[in-house]
Amino acid sequence: MTIKLIFAIVAITLALVFYTIGVFSERHSGSLRIKHIVMFGLGLVFDTTGTTIMSAIAKNEVAASNFSLHQVTGMAAIILMAFHFLWAIYVLMKGTEKAKSRFHKFSLVVWLFWLIPYIVGMVIGIGV
């Protein structure tokens with residue numbers, strides 16, 4: 001296992017930790033707060049970092065040009081996380097109290113979608 005791969009695994013795992021804390025602490029508190037947005041942002045940064053490193057590793061190891069389910073869902077997850085992060089900022093700054101208290105439903109959907117490429121990546125990595 002290379003140092004690049006270790007960094008990528010750590011980054012993606014930190015993304016899972018931060019994003020999970022953000023989603024479930026927001027859900028538990030019942031309303032969107034700045035600390036939740038910070039956690040969403042950290043999750044996005046670490047996911048993007050880990051994905052970028054893993055993409056570089058994959059380009060060096062495999063010369064395949066077609067996209068796999070993992071690549072497509074992974075890119076969709078990052079885009080969805082970025083939208084979620086920006087939407088959270090908007091809701092916190094300009095949203096109604098009702099919007100702030102309902103935001104957690106959207107957060108849970110994004111988190112569940114994010115788990116797809118995370119789990120597929122683990123399965124690919126362990127060779128199941």
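The chain has 4 helices and 0 strands, with helices (H or I, at least four residues) and strands (E, at least two) taken as DSSP runs and numbered from the N terminus. Going along the sequence, you get the pattern α-α-α-α. Keep in mind that this is a predicted model, where local features need pLDDT of at least 70, side-chain atom pairs count only at pLDDT 80 or more, and totals for chains, interfaces and linings use all residues. Residues are numbered from 1 along each chain as its sequence is written, and side-chain values use heavy atoms, with hydrogens and water left out.

**Overall build**

- The C-alpha trace of the chain spans about 50 × 25 × 25 Å along its principal axes.
- Of the 128 residues in the chain, 30% are buried; buried means under 20% relative accessible area, exposed means over 50%, and partly exposed is in between (1.4 Å probe, protein chains only).
- Take the contacts (heavy atoms within 4.5 Å) between residues at least 6 apart in sequence: 79% of them join residues at least 24 apart.

**How α1 meets α4**

- Helix α1 (residues 3-29) packs against helix α4 (residues 97-126) at an angle of about 160 degrees, and their axes are 9 Å apart.
- That angle makes α1 roughly antiparallel to α4; angles under 35 degrees count as roughly parallel, over 145 as roughly antiparallel, 65 to 115 as roughly perpendicular and the rest as oblique.
- Here the axes are lines fitted to C-alpha atoms, for helices over the stretch in contact, and angles run from 0 to 180 degrees between N-to-C directions.
- α1 and α4 cross in a left-handed way, meaning that the near helix is turned anticlockwise from the far one by less than a right angle (clockwise would be right-handed).
- On the α1 side, the residues making the contact include Ile12, Leu16, Tyr19, Val23 and Phe24, while α4 brings in residues including Phe103, His104, Trp111, Trp114 and Tyr118.
- Sorted by class, the contact of α1 with α4 has 13 nonpolar, 4 polar and 2 charged residues; Ala, Val, Leu, Ile, Met, Phe, Trp, Tyr, Cys and Pro count as nonpolar, Asp, Glu, Lys and Arg as charged, and the others, Gly among them, as polar.

**How α3 meets α4**

- The axes of α3 and α4 come within 9 Å and cross at roughly 160 degrees.
- That makes α3 roughly antiparallel to α4.
- α3 passes α4 in a left-handed crossing, and the residues of this contact split into 19 nonpolar, 6 polar and 1 charged.

**The salt bridge**

- Searching the whole structure turns up 1 salt bridge, which is a side-chain nitrogen of Lys or Arg within 4 Å of a carboxyl oxygen of Asp or Glu.
- Glu97 pairs up with Lys100 in a salt bridge, and their closest N and O atoms are 3.5 Å apart.
- Both Glu97 and Lys100 sit in helix α4, 3 residues apart, about one turn of the helix.
- Glu97 counts as exposed at 56% relative accessibility, whereas Lys100 is buried, with a relative accessible area of 14%.

**Histidines to look at**

- His84 belongs to helix α3 (residues 69-94) and is buried, with a relative accessible area of 0%.
- Setting aside neighbours within four places in sequence, His84 is in contact with Tyr19, Phe40, Phe103, Phe106, Ser107 and Val110.
- His28 lies in helix α1 and counts as exposed, at 74% relative accessibility.
- His28 and His104 are 76 residues apart in sequence, and 9.0 Å separates them in space, C-alpha to C-alpha.
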